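User: I am new to this model and would like to know what its descriptions rest on. Please take me through a few of them.

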Amino acid sequence: MRNGVFAKLCCLVFAAFMLAPIVVVVGVSFTPTGFLEFPPSGISLRWFRAILDAPEFIEGGWISLKLGVISATLAAVIAVPAALAIGRGRFRGREALLALFMSPLMVPTVVLGIAFLRFLTVVGLSGTFTGLALCHAVIILPFVLRLVLASISGLDRATERAAESLGAGGWTVFRRVTLPAIVPGILGGWVLAFITSFDELTVSVFIVNPSTTTLPVRLYSHIAQTTDPLVASVSTVTILFTVVLMIVVDRFYGLDRLLIGEGKK
Amino acid sequence: MSETRRNWLLSAPGLVLFGVLLFVPLVMTFILSLNSFDFYGGIKPDIGPGNYFAVLGDGYYYTIFGRTFAIALVTTVICVLIGVPVAWFMLKMTPFWRSIMVLVVIGPLLISVVVRTLGWAIILGNKGIVNDALIHLGLIERPIKMMFTSGGIVVALVHVMVPFMVLAVWAALQRADPAAERAAESLGAGTVTIFRRVVVPQALPGILSGSLIVFSMSASAFATPAIIGGRRAKVIATTVYDEFMGTLNWPLGAAIAMLLLVSVVVVMLAWNRLVERRVEKVIG
Amino acid sequence: MAFLELHGLTKRYGTITAVDSMTLNVEKNSFVSLLGPSGCGKTTTLQMVAGFETPTEGRILLNGRDLSAIPARERGLGIVFQSYALFMHMTVAENVAFGLEMRKVGKAERARRVAAALDLVHLSHLADRYPRAMSGGQRQRVALARALVIEPELLLLDEPLSNLDAKLREEMQLELRRIQREAGVTTLMVTHDQSEALAMSDRVVVMERGHLRQEDAPFEVYEQPGSLFVSNFLGKSNVYDARLIAADATGSRLVVAGREIAGPAGVTLPPGDVALVLRPERVEVVAPDAALIEGRVIERIFFGNQWLLRAGTPFGEMLISRRNSGRAEAAVGDRIGLGWEAHHIRVLPREEARA
């Protein structure tokens with residue numbers, strides 16, 4: 001059964017709605033004028049050059065990049081063994097453990113933000129990069145865990161038994177059979193966690209200080225005061241960055257699998 | 001080493017991280033919400049429900065809570081109305097167009113909420129694209145106010161949340177037997193009937209789980225209401241932010257946040273009960 | 001002393017007994033099938049031999065060596081899994097080489113043995129392929145080569161052909177038997193498919209609900225089923241309630257539906273209620289005057305090489321299988337005469353109907 005004209009029209013309108021704010025931001029960033037206009041009256045790279053004169057955005061970008069890499073890696077290192085335990089084990093407390101590790105998705109982000117702020121203030125890590133990275137690791141861990149769990153559940157237990165029957169010990173089985181099979185899940189989870197950290201605002205806005213301000217927080221505080229084409233051009237750069245990352249992920253893993261857990265065969 | 005011990009050992013790093021950085025902070029925040037505050041002495045370490053009384057006894061906060069949950073509810077309903085048909089249409093597309101639509105749905109999800117909300121601010125502003133176009137067409141004389149209104153927040157929130165609904169419904173529909181629709185058609189059902197009697201019931205698990213995600217995320221959203229709503233259309237999250245970063249009354253902010261947490265948890269549990277009962281009915 | 005011996009092997013999960021004191025001897029170089037419906041304990045038995053399940057009671061002796069305390073990875077058995085369990089991220093050659101690598105076999109020797117194993121399963125031309133791009137039958141051969149290359153003392157096959165389509169399955173039956181003979185390896189196969197077990201094995205072990213019901217050569221099991229269960233599970237059977245009134249070394253007398261008929265010699269059961277079993281292919285369609293009973297054809301099914309008739313008779317419904325000899329067969333509604341030879345009847349103890 002194929003879609004009718006009405007369905008196609010609906011999809012078109014939906015696509016337009018989904019793409020509108022992104023197209024607008026990208027369009028506005030090319031304006032030669034000093035104010036936001038869409039469609040732009042001409043095409044100029046003036047506001048992209050202006051980024052070079054705005055060190056706070058460049059620095060924010062670096063901090064976000066570094067933060068994303070470190071916290072995603074930390075989350076992966078912690079989530080993979082936990083996923084192995086939860087994914088294969090039949091033990092008391094397994095459900096509770098899973099619920100605990102997924103709980104950052106359930107708690108309102110703003111609550112997490114102030115809880116982290118309170119905690120970091122008390123232990124004296126407020127505003128530090130270490131504190132920021134640890135907190136990000138907590139909130140992005142569910143993403144890694146979910147994808148690694150999905151790849152473990154797709155793993156045929158018999159494969160490990162086959163390796164064992166051929167003489168492989170526990171560690172060899174893990175390194176040679178289990179790990180290669182779940183690597184796509186780990187990588188997919190890492191990327192999703194990285195993007196989540198890179199874009200995170202609500203928690204970060206509470207726990208950064210001027211020297212650790214991430215790019216989203218910079219953008220937000222800039223927008224809260226004034227919206228000029230500069231924020232649009234910075235945004236366009238981050239969009240471009242995300243698009244490149246998406247293309248890479250799609251080539252190696254499949255975007256639909258990344259977010260739904262199924263898809264590309 | 002026993003299997004169980006090995007499993008707990010593997011989970012240990014996560015348990016430590018979550019114990020120290022999730023459990024402890026949340027408990028500390030709860031305690032903070034019981035402390036009192038004055039503008040000269042700062043936070044005092046006494047314990048009492050004063051902040052909760054202050055919030056629950058003030059109509060101002062009722063307005064904010066009411067606005068927040070109204071926005072979340074309307075956003076959820078709109079997401080269902082958009083998400084279900086779109087997911088269904090996507091399922092019936094050719095692989096090429098489907099992959100395009102997947103990009104359209106998922107792509108924005110991976111782009112920063114701040115950036116997307118900036119886009120909506122440009123579109124909805126008094127001198128924004130919508131108003132400009134309407135004035136040019138002569139349909140209105142003065143710009144319609146959309147920025148700093150709940151309506152504006154809903155539009156931008158729907159944009160942020162609708163991918164979650166589409167994905168949830170799509171996952172549910174993918175599990176369903178596509179032949180069921182053909183069966184309904186062969187029995188004489190039209191497109192609308194098929195949608196209402198076959199597709200929606202099949203999508204229901206997805207609609208229910210998607211609604212829960214969308215509602216709880218909308219109720220606690222910060223970036224979108226902060227940029228679109230500003231100070232004039234405050235929601236719980238932005239109020240908490242202002243208490244913490246503006247007035248510096250952390251205990252009061254913590255109390256508001258705790259109330260948000262409790263109401264979200266209550267809604268989730270109630271919703272899960274409803275879903276379970278529904279699932280029981282289907283399975284028998 | 002047999003090559004593989006199971007002594008009182010038992011596996012209990014809580015209150016459920018999956019395998020109940022199973023005792024079995026397997027001779028060297030023989031091909032033995034564990035046959036039974038799902039849940040009969042055959043797979044659990046195999047898993048215990050493989051070392052993936054620990055027996056609750058009993059011992060497993062391989063070549064005189066007790067396997068109980070030896071972990072799976074040191075048992076040195078070749079196992080082919082139902083899902084093949086190939087390493088999808090390794091090429092065919094890498095899959096086959098894995099076991100040799102674990103045994104620290106040198107590179108040159110490894111390459112030689114991998115090549116020989118792939119040659120044995122006729123897959124030499126696909127050595128550098130990944131399993132993902134292969135058909136079910138090819139994957140099956142890779143799994144077999146991987147299990148055989150380590151020159152196991154014992155080859156375990158867990159429903160090896162169940163994932164193949166019917167035609168390929170028949171080809172692989174012959175192929176698997178050829179490979180087993182060439183490799184000269186003692187083999188224990190688990191299957192629920194009676195024709196597969198009969199076609200491939202030297203010995204068939206029929207299991208039901210955790211118990212070993214019968215163990216014998218395929219022809220013997222089929223011809224001399226020890227119980228109604230075995231008789232029904234292997235091939236088709238007509239089963240009727242009967243009463244044994246006399247039996248000695250020259251023959252026996254049975255009463256079925258009020259008629260007295262001749263039965264086989266050598267029945268050792270005491271007179272009384274028994275079950276009479278008659279295979280469909282042993283019933284002949286004969287002229288009415290030579291018939292033992294008369295029947296009316298209710299249904300007629302054509303299978304290509306044979307016909308199956310279902311007829312109403314004084315005994316009850318009877319299935320009759322007829323070789324297709326190129327002539328038209330009796331049609332639905334026809335009255336036919338039915339006969340058989342007394343020694344084709346099997347007399348078995350009556351069994352209570354099972355839930």
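Analyst: Two chains are in contact when heavy atoms of one lie within 4.5 Å of heavy atoms of the other. The model is predicted.

User: How do you know whether chain B and chain C are joined or apart?

Analyst: No contact joins chain B and chain C, and their closest C-alpha atoms lie 14 Å apart. Among the two pairs of chains that are in contact, chains A and B share the most contacts.

User: What makes helix H9 of chain B fall short of a straight helix?

Analyst: H9(B) covers residues 191–219, which is 29 residues. A straight helix at 1.5 Å a residue would reach 42 Å, but the end C-alpha atoms are only 35 Å apart. H9(B) also has a kink of about 50° at Leu204(B), shortly before the proline Pro205(B).

User: How do you know which residue classes make up the contact of H7(B) with H9(B)?

Analyst: The axes of H7(B), residues 150–175, and H9(B) come within 8 Å and cross at roughly 145°. The crossing is right-handed. Residues that meet there include Phe164(B) and Met165(B) in H7(B), and Gly206(B) and Ile207(B) in H9(B). By class, the contact has 14 nonpolar, six polar and no charged residues.

Note on methods. Residues numbered from 1 in each chain as written. Chains lettered and ligands numbered in written order. Predicted model: local features only at pLDDT ≥ 70, side-chain atom pairs only at ≥ 80, totals over all residues. Heavy atoms only, no water. Helix = DSSP H or I, 4+ residues; strand = E, 2+ residues; numbered from the N terminus. Expected span 1.5 Å × (residues − 1). Bend = angle between axes of the 7 residues up to and from the residue. Axes fitted to C-alpha atoms, helices over the stretch in contact; angles between N-to-C directions. Left-handed = near helix turned anticlockwise from the far one by under 90°. Nonpolar A, V, L, I, M, F, W, Y, C, P; charged D, E, K, R; others polar.
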